[in-house]
Amino acid sequence: MVRSMIWLATALSLLCQVAASQTPVCVTFGTYAFKKPTAVLLQFKPVVEALEKRLTAELGKPATVRVKVTKTYEECLEGFLDGQFDIVRFGPASYVIAKQRNPRIQILAAEREDAAGVGLIVVRDDSPFHELSDLVGKRFAFGDEQSTIGRYMSQAELAKAGVTSKQLASHRFLDRHDIVFKAVELGDFEAGALHLATFKDLNSKAVNKLRVLHSFDNAAKPWLARAGMDAALVGALRRALLAVDDTEALKSLKVPGFVLAQDDEYELVREGMKLAEQFMPAVKPPAQREPTPSPAPSKGG
Amino acid sequence: MDEVIATRDASAPASRRSWRGGIAARLLAVLLVVTFALTLITILLEYRTEQRSMREHLLSFGRSLARQGALACPDAVVIFDERMLKVFVDDLVAGEQFVVLAAVIRAEDGKTLAVSPEDGLQRDDDTTLRIEHPILVERGGDRLGTFVLGVSMAPMQAELGAKWARMLTRTSVGFLLVAALFWIALRLFVLRPLHRLDDAARRLGRGELHAPMENLGTTELGRLGRTMDAMRVNLLENHRSLADQNRRLLELDRLKTQFLTNVSHEMRTPLIGMLGGVELLADAPDGAVREEVAGAVQRSGEQLLELVDRLLDLAKLQDGNLLVQPRLCRPGRIVREVVERFSEAAQAKGLVLSCDVGELVDVERKTDPTRLRQVLAALLDNAIRFTQQGRVEVTLRLLQDGDGERLEVAVQDTGPGVPVEFIPRMFEPFSQADGSLTREHSGAGLGLTMARRIAQCLGGQLTVENRVSGGVRAVATLIVEAVPCSAPVDQGAEQAVAQRILVVDDAPDNQRLLQAFLRKAGFEVQLANNGREAIDAVQTGNFALVLMDLQMPVMDGVAAIRELRERCYTLPIVALTAHALAQDKQGCLDAGADAYETKPIAGKRLVEVVREQIAAKPR
């Protein structure tokens with residue numbers, strides 16, 4: 001009788017294991033609406049599907065990746081830190097903030113991109129400014145408040161040049177890099193911070209050409225796993241991300257692929273963020289925001 | 001004719017007719033019921049169509065609104081922005097509050113993201129349409145959720161109800177207007193003409209035929225009016241015709257009365273002569289007186305017989321039963337013979353009676369000799385009767401024209417002529433120029449009437465005219481038929497056989513009487529008792545004529561005549577019988593008899609007939 005019970009328990013256990021091994025793994029991918037939510041959804045859909053496919057292969061059982069788009073960066077950050085989202089894709093500055101709040105979060109991989117000199121501070125070509133220090137007393141346009149290039153790194157560069165927010169005539173956060181370009185081109189602001197790709201796209205078509213007053217480096221965007229995630233799943237996710245080679249998926253993300261990344265690769269950003277505090281000591285409450293009707297893609301992250 | 005034809009139904013009330021319950025009211029009722037039913041059906045169909053159309057429109061509107069809503073909220077659904085979605089659906093419901101009852105946005109997992117109003121789509125009745133539209137991330141993309149819209153049909157139904165009420169009101173007003181117009185048109189185009197027709201019919205009923213119908217147009221009623229008017233005209237003409245005929249009948253009645261008076265007088269005259277003669281014969285002292293009285297009695301009898309014959313002929317003419325038997329004869333001889341008969345009468349009045357037949361004495365033509373004699377006798381009788389002095393001339397001519405040959409017999413006298421006022425009616429029967437009781441000339445007034453009708457029966461005509469030089473000229477033209485020339489008859493041979501007559505009769509008394517008459521006239525007589533004996537006698541003897549009785553034993557007369565004709569016996573056969581019916585005579589003639597005489601027959605008439613037949617049918 002006892003022997004039978006043992007056999008039965010063993011069989012049930014095996015059965016449960018088999019069933020558990022076949023239970024679909026559901027991973028929630030969180031991001032925020034840095035542009036139109038549906039555009040964000042569509043942008044991430046191919047790469048998420050590719051990731052889903054790779055993850056299924058890695059795990060050897062059905063895996064689904066649900067995309068969850070939050071309205072704001074803060075919601076996304078809070079959701080990630082609260083464990084609502086399993087993985088997220090943040091900008092470098094956001095990663096630094098998140099890591100600061102919960103060191104247990106892990107970098108799965110980073111988007112492969114050449115981050116050297118991608119951050120720019122631009123002025124109109126016909127302007128008399130040649131040094132960052134020339135911008136004292138002038139109006140400056142920033143991107144999003146959470147943007148690495150649009151805010152932290154550019155403010156750090158200004159701070160390095162000895163320019164603080166108080167020395168500027170005014171500064172505003174215009175959310176999107178293309179808006180910053182237009183604002184400078186039209187003369188609403190004497191200078192602005194934006195991504196190199198945006199500059200290249202718009203300057204060739206601009207009536208009033210801009211020129212690069214100053215450029216600076218940035219870090220790649222990391223894909224993060226929440227704190228407490230099963231190590232096997234983390235490993236599987238990492239391998240799956242690194243294995244994504246679907247051209248259409250990578251194209252929608254505008255990166256050639258994923259690479260392994262370490263936390264120390266973001267020291268540059270941490271330093272920049274510290275310097276940015278010198279530019280504008282009181283970060284909160286943020287400066288007056290320019291109202292925007294709808295989010296647009298933010299290249300800088 | 002201006003008199004009122006009749007006054008029947010004159011007491012009929014002339015009050016206006018009530019058309020209540022009449023054809024107009026029924027027509028109107030039928031029209032109203034049919035129109036109302038059709039209108040109601042039309043309105044109902046229109047209502048249903050409108051309802052369907054409005055429902056489709058509402059559905060289309062709701063779908064469009066749901067589609068727009070679904071297109072507007074994907075971003076908010078993606079980020080689960082319930083506050084924004086709530087504002088959106090609240091605005092949507094508030095903006096279309098008369099139509100949109102509720103709007104609900106559900107996520108793909110079924111979670112309700114926003115609903116307005118708070119109770120949402122709780123109501124589920126016939127007046128609420130539930131419309132769902134998927135919320136897609138992009139066209140043809142993944143489904144994010146569902147946009148649900150509750151659309152109320154109540155406003156539509158209210159509008160439809162109001163529209164129905166307006167339509168019903170307008171239709172009812174239109175219906176009443178149409179009915180009123182129809183009633184006016186009915187009165188104008190149907191009832192009024194009907195009133196007029198009714199009036200006209202009543203006038204016709206009262207016999208007022210002189211007022212013509214008024215023109216009622218070209219409609220059916222107009223045609224009916226014209227038909228009634230034509231009927232009125234016909235009635236008027238018929239009334240006039242009847243009045244004319246009535247007058248003529250009255251005149252005829254008067255003439256017949258006069259005729260009866262004349263006939264009575266004409267019959268009484270010879271009868272008195274005969275009765276008186278018989279009385280004288282009884283007391284006659286010697287043979288000379290007896291012979292003279294017997295002659296007078298015979299003349300009176302012959303006169304009476306002639307009158308009766310004429311009356312019978314007239315009756316036949318009136319009935320259209322006058323038999324005409326054209327056959328080969330010698331008109332010249334017939335004319336001479338008739339003139340000779342009247343020579344004694346002419347001579348008695350001191351008149352000169354002449355006869356001119358020219359070269360026509362022995363010319364043979366085909367006509368009815370008996371009728372020719374009657375015509376000429378009537379003309380001669382009139383001429384001699386009305387001529388007091390002078391002469392009466394008879395001429396016979398044969399005229400040739402494109403239509404053939406005509407025999408013209410003209411009798412002209414030197415009498416007073418025909419009174420002008422009598423000329424139009426001188427051919428009417430029983431009419432006489434002087435119809436008074438004190439008239440100078442006797443006669444029944446039948447001569448010219450009969451002569452003209454006989455002439456017409458022979459294809460000819462009779463005209464009478466006053467001569468400029470005085471007297472009357474009467475001309476009868478008869479169509480005759482020419483025959484091929486035959487060899488001249490040997491007069492001597494004719495005379496030789498003309499003496500021999502075969503009398504066929506089973507009655508001995510009749511045999512003796514006929515034998516006596518014929519022998520007295522110079523004929524030789526042989527007797528036969530029946531048809532068979534007659535046939536045998538004809539085969540052995542050479543007779544100029546056969547007098548054949550009809551009703552006989554062994555073989556009757558008709559059978560004998562038929563057999564004789566079948567045996568090519570061509571000499572004349574005169575049927576002699578007491579049967580006086582027209583069919584008897586026709587039977588004899590059809591069998592092949594040449595003439596037909598009824599018994600009793602006067603000796604003179606017998607001899608005359610025998611001679612006529614022998615003369616008319618030469619061998």
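# Close-up views of a predicted two-chain model

**View 1. The loop at Asp175(A).** Asp175(A) is found in the loop that connects β7 and α6 of chain A. In this predicted model, the residue has a positive phi of about 75 degrees although it is not a glycine. Most residues other than glycine have a negative phi. With a relative accessible area of 9%, Asp175(A) is buried, because buried means under 20%.

**View 2. The mixed sheet of chain A.** Five strands of chain A form an open sheet in the order β7-β6-β8-β5-β9, and their pairing is mixed. Its edge strands are β7 (170–173) and β9 (210–216), each of which pairs on one side only. On average, neighbouring strands of this sheet are turned by 25 degrees against each other, direction ignored. Strand β6 (residues 139–142) runs parallel to β7(A) and is joined to it by four bridges. Within β7(A), Ser170(A) is the residue that stands opposite Arg139(A). Helix α6 (residues 177–186) of chain A lies across β5 (119–124), β6, β8 (191–195) and β9 of that chain, running at about 150 degrees to β8(A).

**View 3. Chain A as a whole.** Chain A contains ten helices and eleven strands. Of its 301 residues, 51% are buried. Among contacts in chain A with a separation of 6 or more, 80% are between residues 24 or more positions apart.

**View 4. The contact between chain A and chain B.** Eleven residues from chain A and eleven residues from chain B take part in the contact. The size of an interface is often given as the accessible area lost when the parts come together. Here the two chains, A and B, bury about 960 Å² between them, and 62% of this area is on carbon and sulfur atoms. On the chain A side, the residues that lose the most area to chain B are Thr38(A), Leu42(A) and Lys71(A), together 45% of what that side buries.

**View 5. The nonpolar cores.** The largest nonpolar core has 94 residues, and Ile105(B), Phe147(B) and Leu149(B) have the most contacts inside it. Helix α2 (residues 37–59) of chain A supplies the largest share of this core, eight residues. Another core, of 51 residues, lies apart from it and includes Phe259(B), Leu372(B), Leu458(B) and Leu462(B).

**View 6. A hairpin in chain B.** Strand β3 (residues 128–136) and strand β4 (residues 143–152) of chain B run antiparallel and are joined by nine bridges. Arg130(B) has Gly150(B) in β4(B) as its bridge partner. Six residues lie between the two strands of this hairpin, and in the turn Gly140(B) has a positive phi of about 80 degrees.

**View 7. Two backbone features of chain B.** Ser116(B) and Pro117(B) are joined by a cis peptide bond, with omega at about -10 degrees. Most peptide bonds are trans. Pro117(B) is found in the loop between β2 (112–116) and β3 of chain B. Phe80(B) lies in the loop between α2 (74–78) and α3 (82–95) of chain B. Its relative accessible area of 28% makes Phe80(B) partly exposed.

**View 8. The parallel sheet of chain B.** Five strands of chain B form an open sheet with parallel pairing, in the order β13-β12-β14-β15-β16. The edge strands β13 (524–528) and β16 (595–598) each pair on one side only. Neighbouring strands of this sheet are turned by 20 degrees against each other on average, direction ignored. Strands β12 (residues 500–504) and β14 (residues 545–549) pair in the parallel sense over four bridges, and Ile501(B) stands opposite Leu545(B) in β14(B). Helix α13 (residues 557–566) of chain B lies across β14 and β15 (573–577), at about 150 degrees to β14(B). Helix α15 (residues 603–616) of chain B lies across β12, β14, β15 and β16, at about 130 degrees to β14(B).

**View 9. The surroundings of Gln515(B).** Gln515(B) lies in helix α11 (residues 508–520) of chain B and is buried, with a relative accessible area of 15%. Not counting residues up to four places away in sequence, Gln515(B) touches Val525(B) and Leu527(B).

View 10. Cys76(A) counts as buried at 0% relative accessibility, whereas Cys457(B) counts as partly exposed at 41%. A search of the whole structure finds zero disulfides over all chains.

Terms used. Residues are numbered from 1 along each chain as its sequence is written. Chains are lettered from A and ligands numbered from 1 in the order in which they are written. This is a predicted model: local features need pLDDT of at least 70, side-chain atom pairs count only at pLDDT 80 or more; totals for chains, interfaces and linings use all residues. Side-chain values use heavy atoms; hydrogens and water are left out. A disulfide is a pair of cysteine sulfur atoms within 2.5 Å. Buried means under 20% relative accessible area, exposed over 50%, partly exposed in between (1.4 Å probe, protein chains only). A nonpolar core is a set of buried Ala, Val, Leu, Ile, Met, Phe, Trp, Tyr and Cys residues joined through side-chain atoms within 4.5 Å. Contact means heavy atoms within 4.5 Å. Two strands pair if DSSP finds at least two bridges between them. Axes are lines fitted to C-alpha atoms, for helices over the stretch in contact, and angles run from 0 to 180 degrees between N-to-C directions. Buried area is the accessible area (1.4 Å probe) that two parts lose on being put together, summed over both.
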